Amino acid sequence: MIVIAIIMLYPFWYMIDNAFRSGNQFDRQSGHSLSGWHELFANLPVGGQLLNSALVCAAAIVIILAVSTTAGFAFAKLQYRGSGTVFLLVVSALMVPLQSIIIPEYVNLAKFNLTDSYAGAVLVYAALGTPFATFLMATYYRGISDDLIEAAVMDGLSYERTFASIALPLSLPAIATVTVLQFIQIWDDLLVGLLFLPPGQRTITAGLATLAAGRTTDIPALMAGSVISAIPAIVVYLIFQRHLVKGLTLGMGK
Amino acid sequence: MSRIELESVTKRFPDGTTAVSTLDLAVGDGELLVLVGPSGCGKTTALRMVAGLEEVTSGTIRIDGQIVNDVEPRHRDIAMVFQSYALYPHLSVFDNMAFSLKYRKINKGEIRARVLEAARVLELETYLERKPRQLSGGQRQRVAMGRAIVRQPRAFLMDEPLSNLDAKLRVQMRAEIGQLQRSLGVTTIYVTHDQTEAMTLGTKVAVIAGGELQQLAPPQELYRRPVNLFVAGFIGSPPMNLIDAVLERGGTSGFSDATGPEVVFGPHRLRVPPQVIAEHPGLENYLGQGIVLGIRPEHLSDAALGAGDGDAVLKVPVSLREELGSEVHLHGALGEVAHGSGPGADDVRSLATLVAKMDPRTAIEVGQTATIAVATDQLHFFDPLTGASIRR
């Protein structure tokens with residue numbers, strides 16, 4: 001366990017340690033300074049890019065949650081013709097790697113003039129995240145007793161209101177899980193950010209990549225940016241950690 | 001208050017399974033009809049069709065004369081108590097009970113008054129702020145009842161509401177549900193597999209097996225005049241002794257004379273009293289043929305403790321004695337008995353056993369041959385082929 005912990009934590013230590021060095025200190029691997037931070041803030045609009053990341057993440061997650069909770073509920077609780085086949089199609093979308101569809105996605109969005117905009121990136125993130133989120137939500141809703149749903153229907157609620165009043169509040173652990181996993185995935189993504197966002201709207205991850213785009217790379221500045229970039233993901237994880245564990249173990253028995 | 005009628009109701013699932021077959025039932029205003037039967041007999045499916053949670057394949061369901069086959073559950077104005085209680089885990093007891101009222105846009109004062117009144121009746125006043133997970137099984141059951149009561153619906157549907165409770169609590173809650181239903185006077189359909197619940201609660205009891213109605217009658221009628229072998233074996237605890245026997249002419253006199261027919265099984269012969277023959281005129285058609293004889297365990301007694309007038313006597317070796325405190329169950333072997341009628345029927349034989357529900361003072365022990373008195377005026381007779389009671 002200790003060995004595994006060291007292997008997992010060393011990159012974090014390396015990142016934090018080297019964020020507080022200058023270029024020379026990094027080469028010598030001795031001494032600390034705030035030089036890397038000065039370089040970072042001088043070369044990158046960090047605040048704006050963090051805001052871009054937050055906007056793209058929030059919008060994509062809202063869409064993913066809206067689609068996956070309703071679709072998951074429908075797959076789990078509403079028996080209709082062909083629901084099994086459709087669910088299988090959704091699950092099979094999990095197996096499609098982003099890289100294999102990124103060009104067709106770009107072409108499709110270009111037809112609607114949605115490239116070089118928040119909307120394009122948000123839609124791509126939402127499309128990529130929805131299959132897994134729907135699978136997770138459907139699995140969670142299957143674990144909710146049918147009796148509860150039927151009791152609400154007998155109490156006079158439509159299926160829409162049953163979803164909103166009973167299923168949704170009960171699925172908060174699963175919603176938290178989807179939120180955390182999608183947040184980390186979208187926040188850390190580089191490819192979509194680089195392809196679909198113009199320089200002025202770049203996310204922090206895409207922004208950091210530009211630091212490494214020249215002939216030389218300012219490693220301490222990059223490390224400092226990585227520290228800043230990692231903080232929101234860690235904070236979100238810590239906030240939802242309890243629900244995340246509950247959500248990830250759902251469907252594993254009583 | 002309302003009347004619920006099922007007319008030739010059939011439920012066939014997509015896989016071809018027929019859960020309910022041409023079911024005819026009627027529950028009068030304020031009545032409590034119990035649907036009872038073994039697991040998988042279709043009783044819950046029938047209840048769910050009344051609720052609107054299952055579609056009816058054919059037939060009609062009427063509530064107050066209105067056909068409701070295509071009416072959504074929420075528009076049927078029926079409250080249902082589920083086996084699992086189905087309490088909303090994220091809501092307090094108060095909110096669980098008030099839930100349906102809020103969606104019916106009833107004003108807050110009225111909601112509060114109704115919930116508090118139901119809580120008072122169900123002794124839940126001190127638990128109103130708790131979540132369901134903080135309640136015991138019995139309390140949860142009461143909340144489920146409360147949720148149904150506050151709605152003041154046209155009818156209650158209850159799907160095995162006591163089956164998750166321990167034996168003692170079940171008896172207590174059974175009595176409370178009975179009292180509550182009578183005091184509210186709401187038409188109720190109650191599903192259970194427990195015949196004691198069925199007999200104690202029901203104004204009428206419908207015995208269902210294999211998706212088909214076997215008998216619909218008041219509890220005493222079911223007990224006294226079961227229409228077939230299934231009902232005879234299902235109602236009563238321990239169940240009725242069902243013995244393959246042959247009906248023989250006793251003496252030389254006529255069928256209904258005092259010396260009239262005897263039921264013969266193994267080495268045993270029981271004379272059928274004239275009043276029983278009068279109640280079962282159809283028996284005459286079975287002279288010389290096989291029948292199934294039914295004797296309830298409680299109609300057998302220890303002859304040493306005094307037999308009733310007209311009781312016959314059986315000598316039975318006792319193989320098991322079960323002490324239940326207020327009664328003793330004796331199990332005995334009747335010996336080989338002949339089956340059925342027709343050529344070669346006598347060749348088919350089986351070892352029949354008898355269970356007797358005795359006074360606890362009985363001194364009969366295992367290994368002894370008991371002298372058991374049979375109340376022959378309480379005998380039942382069934383056709384061995386159709387299983388139907390032989391009466392007319």
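Predicted model: local features only at pLDDT ≥ 70, side-chain atom pairs only at ≥ 80, totals over all residues.
Residues are numbered from 1 along each chain as its sequence is written, and chains are lettered from A and ligands numbered from 1 in the order in which they are written.

**Chains A and B**
- In chain A, 15 residues are in contact with 17 residues of chain B, where contact requires C-beta atoms, placed from the backbone, to lie within 7 Å.
- Helix 8 of chain A supplies the largest share, six residues.

**Helices 4 and 10 of chain A**
- The axes of helix 4 (residues 46–77) and helix 10 (residues 172–188) of chain A come within 10 Å and cross at roughly 140°, with axes fitted to C-alpha atoms over the stretch in contact and angles running from 0 to 180 degrees between N-to-C directions.
- Residues making this contact include Ser53(A) and Val56(A) of helix 4 of chain A, and Ile175(A) and Trp187(A) of helix 10 of chain A.

**A sheet in chain B**
- Five strands of chain B form an open sheet in the order 13-12-11-14-20, with antiparallel pairing, where two strands pair if DSSP finds at least two bridges between them.
- Strand 13 (268–271) and strand 20 (380–382) of chain B stand at the edges with a single partner strand each, so one side of each has no neighbour in the sheet.
- Strand 11 (residues 241–248) and strand 12 (residues 262–265) of chain B are joined by three bridges, and Glu248(B) stands opposite Glu262(B) in strand 12 of chain B.

How values were computed. Contact = placed C-beta atoms within 7 Å. Helix = DSSP H or I, 4+ residues; strand = E, 2+ residues; numbered from the N terminus.
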